[in-house]
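Student: Could you take me through one part of this model up close? I'd like a single residue and what surrounds it.

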Amino acid sequence: MITVEFLRHWIAAFGTLVDSHHDQLNALDAAIGDADHGTNLRRGFTVVSATLDSAPDAPGGLLSWVGKTAVSNVGGAAGPLFGSFFLCLGDALGNHHDLDARRFALGLRAGLAGVVARGSAVAGDKTMYDTLAPGIDALDAAAAAQYDHTDIFQAGLRGAESGRDATIDLLARKGRASYLGERSVGHQDPGATSATLLFSALLE
Ligand code: ADP
Ligand code: MG
Ligand code: MG
């Protein structure tokens, strides 16, 4: 079962990974954007981590709170996008306390739908969508096959990583990188890279 304590650890682990990858995320964004993706996420998730102990103590409430805190503190394009992801994930989980991996996967899908509602990305636009969609598909398929949690989250991470790596060859069609046109090809998308850390954090 996925408990509120597990989700709190997930968010804390994501904050730690964002902090340790902040330079890499800025460097990726320097190549096809404005070099601030790591700074944006770190600013927001430093606030999230510092106040996590006072966050609501139910799965849905906790993750909606993460979303609101991200919207107010991350900034850039990533703030509203990560914010929508967590807000919609929290809404979908609601007050369920006995979450199995299937229900969690459904929640992640709702989070992805929130990202799409906010930024209208589709597959292949070279955005965080290209990590989240294959990561969630792989996690959900493993959950449906009733693997144990470690195997389920490992499957999610592998799906996310292959989606992230595939952004290198894509031409950006959304966000700041899209201004570069053909010059965006050959670079890994920063948001697809940070979104992979959401899956890494499930295994911490
Ligand atoms: P900004 O471009 O405002 O500086 P960030 O650098 O924090 O914002 O975030 C850039 C990332 O946001 C991109 O790498 C991409 O993955 C993601 N992104 C940008 N626009 C969209 C969109 N419309 N839908 C989904 N993700 C997007
Ligand atoms: Mg940027
Ligand atoms: Mg910016």
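Tutor: Let's start at Leu132: setting aside neighbours within four places in sequence, Leu132 is in contact with Leu112, Val115 and Ala195 (contact means C-beta atoms, placed from the backbone, within 7 Å). A word on the source: this is a predicted model, where local features need pLDDT of at least 70 and side-chain atom pairs count only at pLDDT 80 or more, while totals for chains, interfaces and linings use all residues. Residues are numbered from 1 along each chain as its sequence is written, and chains are lettered from A and ligands numbered from 1 in the order in which they are written.

Now the helices (DSSP runs of H or I, at least four residues, numbered from the N terminus). The axes of α7 (residues 129-144) and α9 come within 7 Å and cross at roughly 30°, the axes being lines fitted to C-alpha atoms over the stretch in contact, with angles from 0 to 180 degrees between N-to-C directions. α7 and α9 are therefore roughly parallel (angles under 35 degrees). On the α7 side, Asp130, Thr131, Leu132 and Gly135 make the contact, against Ala192, Ala195, Thr196 and Phe199 of α9.

Leu132 also turns up in the largest nonpolar core: of its 56 residues, Phe14, Val66, Phe86, Leu89, Val115, Leu132 and Leu139 touch the most other members. Such a core joins buried Ala, Val, Leu, Ile, Met, Phe, Trp, Tyr and Cys residues through C-beta atoms within 7 Å, buried meaning 20 or more other C-beta atoms within 10 Å of a residue's own, again placed from the backbone. α5 gives this core its largest share, ten residues.

How values were computed:
Helices (H or I, at least four residues) and strands (E, at least two) are DSSP runs, numbered from the N terminus. Angles under 35 degrees count as roughly parallel, over 145 as roughly antiparallel, 65 to 115 as roughly perpendicular and the rest as oblique. Two residues are in contact if their C-beta atoms, placed from the backbone, lie within 7 Å. A residue is buried if 20 or more other C-beta atoms lie within 10 Å of its own, exposed if 12 or fewer, and partly exposed in between; C-beta atoms are placed from the backbone.
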